[in-house]
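Please read it alongside the model below.

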Amino acid sequence: MPTFLGLDQGEGDVDIAILSLPYELTTSYGQGTAQGPMACIEASAQVELYDEQIGEDLPSGYSIHTIPEWVGEEPTLLQQLDSMSGYLIPWFKGDCFPLCLGGEHGILPSIMEAVRHHPAVNNDLSNLTVVQIDAHGDLRHELDGEIYSHACAAARALDAGVGSLLQVGIRAFSKEEHHRMLNDERITTFFAKDTQSPCNGAKHWEDWLKTLQSIEGPVHLTIDIDGLDGALVPATGTPVPGGLTFWQVHETIQTLFNAPNALIVSADVNEIGVQEDSPLTQFTAAMLATKVVASHILARKEGRWEALAPPSDALRSSVSYQHFSKT
Ligand SMILES: [Mn+2]
């Protein structure tokens, strides 16, 4: 099985768990995101191990485990969402750092159910800040009659009780979503038309970085790779022009993990498509996933992350979880 960064699987305690969610809503037009996690892991073998901020090669003394991917065999959508949560929960106990690879953004509600179990969140998602890099607001109530569509991911996270949602890269949204961005006090949106403005972009970008630095408490980072300019990720589900540069996403990750009063408990990189003519899309996703891992390792080294539970071994089996199929 290919491993993240092509690293040997460590034995014993897991410091960082790479969790693959090859999930695509069965009713949606097939876009290839189900193969995205594996393509990203394969592409990661070509990423440089040296991290300039750490000053060493990854994993720099920590163990990164590539966990066998989630297998979605459940008959209904709601049971699939539950099954993903059950796969994730054993890795959200606060003793390791979980990084999920998707799959479409519809994985977010399942991730929220897992984050709920993290000791820093303590079953109260109002403690949690979600930082969302995305082209889309993902704040629709439903799309084509489906409330668990990828276009509703952030709305479902808020429904689950998330206390604060910070969005960046946003440039494709409906009137309903725009209204919600401007009126729901839990939501702070940085629009791409502002941060990417040739004249005033720098000022807006600085405001975004300051917002990240001021976050307090537990945070989940969700990176929909379509937040990047479409030229970088042409094989994502819905590439959109006018997006963030690679370095802006890089700086967002770095700044967030450096925020003095924030605890980044988990992250995901989603909507990874498989580009056939060039590995650019999956390689871009792998570069960002690597930056997340490196930034987490740096946070450990600099005392901004400590295990909140005793470490347990690499063998953890999925739990049975019923939330979505009960509601
Ligand atoms: Mn999205």
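**Briefing**

Phenylalanine 97 and phenylalanine 257 are both buried, where buried means under 20% relative accessible area, exposed over 50% and partly exposed in between, with a 1.4 Å probe and protein chains only. The model is predicted: local features need pLDDT of at least 70, side-chain atom pairs count only at pLDDT 80 or more, and totals for chains, interfaces and linings use all residues. Residues are numbered from 1 along each chain as its sequence is written, and side-chain values use heavy atoms, with hydrogens and water left out. Helices (H or I, at least four residues) and strands (E, at least two) are DSSP runs, numbered from the N terminus.

**Aromatic pairs**

- A search of the whole structure gives six aromatic pairs; rings of Phe, Tyr and Trp (its six-membered ring) pair if their centres lie within 6.5 Å, and planes under 30 degrees apart count as stacked, over 60 as edge-to-face and the rest as tilted.
- One of them, phenylalanine 97 with phenylalanine 257, is edge-to-face, at 6.0 Å centre to centre and 65° between the planes.
- Phenylalanine 97 belongs to strand β5 (residues 97-102) and phenylalanine 257 to helix α8, so this pair ties together parts 160 residues apart in sequence.
- For phenylalanine 173 and phenylalanine 191 the ring centres are 5.4 Å apart and the planes stand at 55°, so this pair is tilted.
- Phenylalanine 173 sits in the loop between β7 (164-170) and α5 (175-183) and phenylalanine 191 in strand β8 (residues 187-191), so the parts tied together are 18 residues apart in sequence.
- Phenylalanine 173 is partly exposed at 32% relative accessibility, whereas phenylalanine 191 is buried at 11%.

**Helices α8 and α9**

- The axes of α8 (residues 246-258) and α9 (residues 280-301) come within 9 Å and cross at roughly 20°; axes are lines fitted to C-alpha atoms, for helices over the stretch in contact, and angles run from 0 to 180 degrees between N-to-C directions.
- That makes α8 roughly parallel to α9, the class for angles under 35 degrees.
- The contact (heavy atoms within 4.5 Å) involves Phe246, Val249, His250, Ile253, Gln254 and Phe257 of α8.
- From α9 come Thr284, Met287, Leu288, Lys291, Val292, Ser295, His296 and Ala299.

- In helix α1 (residues 36-44), seven of the nine residues are buried.
- These are Gly36, Pro37, Ala39, Cys40, Ile41, Ala43 and Ser44, and they pack against β1, β4 (64-66), β5 and α9.
- Serine 20, in strand β1 (residues 16-21), is buried at 3% relative accessibility.
- Leaving out residues up to four places away in sequence, serine 20 touches Pro37, Ile41, Glu69, Trp70, Tyr87 and Leu101.

**The loop between β3 and β4**

- Leucine 58 and proline 59 are joined by a cis peptide bond with omega about 10°; proline 59 lies in the loop between β3 and β4.
- Serine 60 is in the loop between β3 (56-57) and β4 and is buried at 8% relative accessibility.
- Not counting residues up to four places away in sequence, serine 60 touches Ile54, Ile297 and Lys301.

**Positive phi**

- Leucine 5, in the segment before β1, has phi near 65°, a positive value in a residue other than glycine.
- Leucine 5 is buried, at 5% relative accessibility.
- Asparagine 123, in the loop between α3 (108-115) and β6 (129-133), has a positive phi of about 65° although it is not a glycine.

Methods: Angles under 35 degrees count as roughly parallel, over 145 as roughly antiparallel, 65 to 115 as roughly perpendicular and the rest as oblique.
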